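Me: Could you walk me through reading a few local features in a model like this one? Let's have it on screen first.

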Amino acid sequence: MNELPVVVVGAGPIGLAAAAELAGREVPVLVVERGAHAGAAVTQWQHVRLFSRWAELVTPAAARLLEPRGWSHPDPDGYPTGHDWFEHYLRPLADALGERVRLDSEVVGVARRGRDRVVDAGREVEPLTVHVRTADGMEYRLAARAVIDASGTWTSPNPLGGDGLPAIGEHAAAQQISYRVPDLADPAVAARYVDKHVVVAGSGHSALTALAGLAALAAEHPSTRITWLLRRGEAGSVFGGGDADELPARGALGLRARAAVQDGNVRVVNGFRTEAVNHTEDGRMALVPTVGDPITEVDEVVVSTGFRPDLSWLSEIRLGLDSTLQAPVALAPLIDPNMHSCGTVYPHGVKELSHPEPGVFVAGMKSYGRAPTFLAMTGYEQVRSIAAFLAGDHEAAERVELRLPETGVCGGSGLFDVPAEDSAGGCCATPAAVQDLTLSPTPVR
């Protein structure tokens, strides 16, 4: 089956990195992307500036593919926006991969050829089959020696409801709820929030980005009110490590959000788990918690509560997923936010990302399931290891090299009701631990 291609699902940063690694090893590869262009999800948050530098956003394999085409590496110490990342890296990389990237094509199913997930007989000798549907409705199947799912989680945001389910009335209020960081530099978008009561729900870096932007808007338009809903009992280490963060832009973001709260531009409501969204006669909303008083006179809600993997089209594949995080069982203990809020992330690669179904790998943000601790450099290292394995270079596959920048924060457990000072232990005390703050996965950083 080695003559068959490796099919990569998704032409985002991690999917393109996987293709570059495989192409560099002369392994046949085909990337299937449902968007009209590569990096389609990135362009939907193109106004957001990353807190990773260019040095951490370009893989060596991609640079080797790009440089013969006249591409120049952006300033390694610069911090691109999503637009910059797309224009100066992702789009040129997709162009360099050429016909290996197939656009307007959605993978709607993966299986072992001629076998559903129940059948054992002959499973080990059959290739994988990838069911594809194009934008114009045509369907076909690809035979593959392996499948790397790098489709991400962008299209599956978590709802507002505090129990993981949509709040009652959430769908009915869709016109007043956004699940993305608003582009407030766009006057048409800013007008939606000016002089309004805006609620931001969530504690990750996307929530901090939204809060910082909205606080600046409120400073210019004092009638704008901002309420920040946190499910946890207190803000604790949400703001990050500040000047101690080894990713300075990430630390600066936390300091901006902290200042917005301290300046009185943001009202913080702790321990709020939304159960219902009620419309009022004046066209506004009331957010009703499971316990406590509602938040009333709400005009707009920005939901930044994380994302979850869409596993529906992998239903005929034998996946080994952790029951809590929906991440590979060997990876889950390393990234579980219930155990690590300062985020020890040990080196991991093909060994931790393999599943009971041979040749199937979930990489990138989706590999983390519901854990909000992903960085782009983590995904790059994942696909480097997987590509080495598929090329038969097992020594390189096992030689995983990953160190994530420290946040300068140790928050103890990840339990949102437990104040940091009351948390038992703390992952920062683990010998040889690589520390990282729990990150929101919106967007890939």
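**Contacts, cover and a helix**

Reply: Start with Thr81, which touches Gln46, Val48, Arg49 and Leu50, leaving aside residues up to four places away in sequence; contact means heavy atoms within 4.5 Å. This is a predicted model, where local features need pLDDT of at least 70, side-chain atom pairs count only at pLDDT 80 or more, and totals for chains, interfaces and linings use all residues. Residues are numbered from 1 along each chain as its sequence is written, and side-chain values use heavy atoms, with hydrogens and water left out.

Me: Is Thr81 buried or exposed?

Reply: Buried means under 20% relative accessible area, exposed over 50%, and partly exposed in between (1.4 Å probe, protein chains only). Thr81 has 12% relative accessibility, so it counts as buried. Its place is the loop between helix H2 (60-66) and helix H3 (82-97). Helices (H or I, at least four residues) and strands (E, at least two) are DSSP runs, numbered from the N terminus.

Me: How many residues of H5 are buried?

Reply: H5 is mostly covered, with 12 of its 16 residues buried, including His205, Leu211 and Ala218.

Me: Which phi does Glu26 have?

Reply: A positive one, about 60 degrees, although Glu26 is not a glycine. Glu26 sits in the loop between helix H1 (13-24) and strand S2 (29-32), and is exposed at 73% relative accessible area.
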